[in-house]
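Dear colleague,

I am handing over the structure we spoke of, and I would be grateful if you could look through it alongside the notes that follow.

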Amino acid sequence: CGPFFVPFFGKLPLKKEDTMKYEPLVMHLKSECKGRKNSKKGSELEHSLQISGNELRRRGNRLRREGVPVGSSADGYYYAVTAGEVYSTIRQLRAMANGLEAAIVGLENSLNSFGENEGGEGK
């Protein structure tokens with residue numbers, strides 16, 4: 001009998017206690033922020049839900065991974081109600097991902113300026 005292997009594809013299902021943690025955000029977006037025209041700034045959601053900005057972003061990201069259509073724009077967060085709103089958020093996220101990738105490439109290129117004896121993480 002070999003080792004037990006479960007393929008991991010980037011998302012684990014939410015546990016029951018996690019579902020309860022994310023539920024207030026989903027319910028708030030569905031009831032108060034339905035569609036882009038009803039977007040709410042992150043600071044408003046933080047105040048309403050009594051969570052930090054980091055926690056709001058973490059929860060929004062996790063909900064998106066679970067397939068919840070959490071939209072966002074310069075106007076704030078919203079519960080997407082059309083495919084266009086979802087595509088708009090996807091375009092925004094792709095632009096962010098491209099920016100992060102460019103930053104990573106730049107940092108990798110900067111490694112050439114360090115001597116061989118300066119390698120190693122955290123040194």
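L25 sits in helix α1, which runs over residues 16–32, and, the model being a predicted one, what I say about this residue and the others is computed from predicted coordinates. The relative accessibility of L25 is 2%, and because buried means under 20%, L25 counts as buried. Setting aside residues up to four places away in sequence, L25 touches L49, L56, R59, G60 and L63.

Helix α3, to which I turn next, covers residues 53–65, and its 13 residues reach 18 Å from the first C-alpha to the last, which is close to the 18 Å expected at 1.5 Å a residue. The buried residues in α3 are G53, E55, L56, R59, G60, R62 and L63, and L56, R59, G60 and L63 among them are also touched by L25. As a general point, an α-helix has 3.6 residues a turn, so residues three or four places apart point the same way. After α3 comes G67, whose phi is positive, near 95 degrees.

A positive phi is also found in Q50, near 55 degrees, in this case in a residue other than glycine. Q50 is placed in the loop between α2 (42–49) and α3, and its relative accessible area of 65% makes it exposed.

The loop between α1 and α2 holds R36, which is partly exposed, its relative accessible area being 35%. Not counting residues up to four places away in sequence, R36 touches S73, D75, Y78, E85 and S88. R36 and Y79 are 43 residues apart in sequence, yet their C-alpha atoms are 7.4 Å apart in space.

S72 is part of strand β1, residues 70–73, and with a relative accessibility of 8% it counts as buried. The side chain of S72 is joined to that of Q92 by a polar contact of 3.3 Å. Apart from neighbours within four places in sequence, the residues in contact with S72 are R64, Y77, Y78, T89 and Q92; Y78 is a contact of R36 as well.

Helix α4 has 28 residues and reaches 40 Å from its first C-alpha to its last, close to the 40 Å expected at 1.5 Å a residue. Its buried residues are E85, S88 and T89, and the elements that cover them include α3, β1 and β2.

The largest pocket holds about 320 Å³ of space. Its lining is made up of 14 residues, of which R57, N61, R64, L93 and M96 are the closest to its centre. Two or more lining residues come from each of α3, β1, β2 (76–79) and α4 (83–110). Sorted by class, the lining consists of six nonpolar, six polar and two charged residues.

Finally, some values for the chain as a whole. The chain contains four helices and two strands, and, read along the sequence, these follow the pattern α-α-α-β-β-α. It has 123 residues, of which 28% count as buried. Among the contacts in the chain with a separation of 6 or more, 56% are between residues 24 or more positions apart.

With best regards

Notes:
Residues numbered from 1 in each chain as written. Predicted model: local features only at pLDDT ≥ 70, side-chain atom pairs only at ≥ 80, totals over all residues. Heavy atoms only, no water. Expected span 1.5 Å × (residues − 1). Buried < 20%, exposed > 50% of the residue type's maximum accessible area, 1.4 Å probe, protein only. Polar contact = N/O pair within 3.5 Å; in protein donor to acceptor, adjacent residues only side chain to side chain. Contact = heavy atoms within 4.5 Å. 1 Å grid on protein atoms, 1.4 Å probe; cavity = no way out; pocket = protein on both sides within 12 Å on 5 of 7 lines; lining within 4 Å. Points joined across faces, edges and corners; volume = space filled by probe spheres on them. Nonpolar A, V, L, I, M, F, W, Y, C, P; charged D, E, K, R; others polar.
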